[in-house]
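Welcome! Let's explore a protein model together through a few questions and answers. Keep the structure open beside you as you read.

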Amino acid sequence: MCGIVGYVGNEQAAPLLLEGLSKLEYRGYDSAGVAVYDPSTGLSVHKAKGRLAVLDKMLDGGRSVPGRVGVGHTRWATHGAPSDVNSHPQISRSGRIAVVHNGIIENYAELKDFLQGQGVPFTSETDTEVVAQLVEYFCEHDGVDILEAVGRCLRRIEGAYALGILCADAPDQIIAVRKDSPLILGYGDGCSFLASDVTALIRHTRRVGYMDDGEVAVLTKDGIQCYNHLMQPVEKEISYVDWEIDAAEKGGYEHFMFKEIMEQPQAIRRAVGPRIRDGEVFFEDFALSDDYLRQVKKIYIVACGSSYHVGMVGKYNLERILRVPVEVALASEFRYMDPIVDGATLVIVISQSGETLDTMAALREAKRLGAKILSLVNVVGSSIARESDQVLYTWAGPEIAVATTKGYSTQLVVLDLFGLHMARVLGTIDAETCRAILEEMLRLPEKMEAVLENKDAIQYYASQYFNHNSVFFIGRNVDYAMGLEGSLKLKEISYIHSEAYASGELKHGTISLIEEGTLVVALGTYARLFDKAMSNIVEVKARGGDVLALTTEDHGQEMAKVANGVVTIPNTHPMLLPSLGVVPLQLFAYYVALMRGCDIDKPRNLAKSVTVE
Ligand code: M6R
């Protein structure tokens, strides 16, 4: 939610800020703005409602705005509708302090009342303006410098925030602050950067520092000084980012989503290959000891959205091989449901971004209750990764499209790997079975490539059904879990109403919605329940529904006897079926959205990284 950038150095800032924002637009895209300081013009603020392209055009790619220091913002509105005035940067009354913010200032109303009582006028509906006005209030009222004023402001504000602050009275620096919202420092030669995400920095520097909660940083062209919450100087560890720059570019594809779908075989290779040795799972420096795993009585999987759907697959797979109860909880519900968690509970937190606020809050609640946390995270150095007892990175590479694809599929295999590792520790799976599943896992990328080669068939089915207004996904067991993801993919990017049901539930209500021509995507890849899948298809057909079915090659012909259309995936181990089966569902959603003319990479009202509650 919202992207922040900052630059101070010898180059013109505005073009660099706009370029950085273009990499962060996936985080929010209802308005954008920059504040730049130049000795001749002072602090100038430029902002516009709409996509970044509007601002970019207005500023001629940044060329019309002089200055070598500045901050920028791309917004996902929380307080105040998308509008020019509510866009960031927000400025103080005198116009001398500009603030960009990602997060929510929870006590903004009370602070606004206080400031208004002191005669400070407000111009926007945002919570962020409070920060700009409060910092200026401390500068003027207490006669302190900008850094001290920021420190005083931090003692007053509550909530989650990443802030970039530029002040006309100290124009050689940017002040950055982080609490519960990501913020990354970039160390360049003769320049310093600030960004919500490394993708915005990587063209200019690979040397980054991940800010910790409560930290304040002062960026100048000569370097970056960090302070802890007591404003004592701290030494920041510098990490090196080894991502390929191309990984965060479209590379000739029309959409990031399609590129990321196509990248899945390679991503799976990266996530799995190094973690299999001699027919066993191998995790380097794994902090959850065998003794610890042996005393685990219950596993909780906690996540949001697609990551939660990975957890749903995980419940079936893990319970089957571990014989340990697995509960899956929506992170947004977890901390409010008084969860039964203790030292014998392993909590597995799944998050592509590693920054989802609900997931982070659930992690902290689970820790407070005494559980150990294993996280499956894609973004290296993200907050969830850093607060976990053990992180298993999914190594999917940067995922830019709001709709996750390779993020999801890499989470699936890494969770399977963990399940197999734990099953070997518990002795619930023998070495031979484990080896066979791992060998099959190594074949997944090749099989996935075969699924991707069949994309024209899926495009054809999309052309048949793209103008439907309502779709149902049905399946049992792992097929049901996979249906949840297929349904979410479709609705989030094509805006078609779509729901996923466990097939057996149809007759308990949903079947009344099936009428002539209703599209039902029937998932029947799980061989053990294939006959039941067939029966459900027949029931839907009998009520006039159109059935597009998904099954394995072995069952394709059989299914074609009852369904209107069939897509097949290669046969594989039951545990791995969702890894292959989700790919046609992603492609189906993609093509349907394309045919409906939707903004595929940036669906309305959404953002990639959800850092508000
Ligand atoms: O970064 P996370 O995995 O924590 O994100 C969780 C959800 O916000 C995310 O999966 C969301 O549902 C996607 N847009 C689905 O495509």
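Q: Leaving aside neighbours within four places in sequence, which residues is glutamate 129 in contact with?
A: This is a predicted model, so let's read it as one. Contact here means heavy atoms within 4.5 Å. Leaving aside neighbours within four places in sequence, the residues in contact with glutamate 129 are Gln90, Ile91, Pro121, Phe122, Thr123 and Ser124.

Q: How far from glutamate 129 is the nearest side chain of opposite charge?
A: Glutamate 129 lies in helix α4, which covers residues 128–142. Glutamate 129 is buried yet has no salt bridge. A salt bridge needs a side-chain nitrogen of Lys or Arg within 4 Å of a carboxyl oxygen of Asp or Glu. The nearest side chain of opposite charge belongs to lysine 112, at a distance of 5.7 Å.

Q: Is glutamine 133 buried or exposed?
A: Glutamine 133 lies in helix α4. Not counting residues up to four places away in sequence, glutamine 133 touches Ile91, Ser92, Arg93, Leu115, Val120, Pro121 and Phe122. Buried means under 20% relative accessible area. Because its relative accessibility is 2%, glutamine 133 counts as buried.

Q: What distance separates the C-alpha atoms of glutamine 133 and alanine 13?
A: Along the chain, glutamine 133 and alanine 13 are 120 residues apart.

Q: Which residues form a negative surface patch with Asp113?
A: Aspartate 113 has its place in helix α3, residues 108–117. With 53% relative accessibility, aspartate 113 counts as exposed. The negative surface patch is formed by Asp113 together with Glu106, Glu110 and Glu158.

Q: Which residue is joined to proline 89 by a cis peptide bond?
A: Proline 89 lies in the loop between β4 (69–75) and β5 (90–91). Most peptide bonds are trans. Here the bond is cis, with omega about 0°, and the partner of proline 89 is histidine 88.

Q: What is the phi of aspartate 285?
A: Aspartate 285 sits in the loop between β17 (280–281) and α8 (290–294), and counts as exposed at 71% relative accessibility. Most residues other than glycine have a negative phi. Aspartate 285 is not a glycine, yet its phi is positive, near 50°.

Q: What is the phi of tryptophan 395?
A: Look in the loop between β22 (390–393) and α13 (406–426) to find tryptophan 395. Tryptophan 395 is partly exposed, with a relative accessible area of 34%. Although tryptophan 395 is not a glycine, its phi is positive, at about 55°.

Note on methods:
Residues numbered from 1 in each chain as written. Predicted model: local features only at pLDDT ≥ 70, side-chain atom pairs only at ≥ 80, totals over all residues. Heavy atoms only, no water. Patch = residues over 30% accessible without salt bridge, like charges linked within 9 Å, V, L, I, M, F, W, Y side chains within 5 Å. Areas by Shrake-Rupley, 256 points an atom, 1.4 Å probe, with all protein chains shown as cover. Lys, Arg positive; Asp, Glu negative; His and termini not counted. Charge placed at Lys NZ, Arg CZ, Asp CG, Glu CD. Helix = DSSP H or I, 4+ residues; strand = E, 2+ residues; numbered from the N terminus. Buried < 20%, exposed > 50% of the residue type's maximum accessible area, 1.4 Å probe, protein only.
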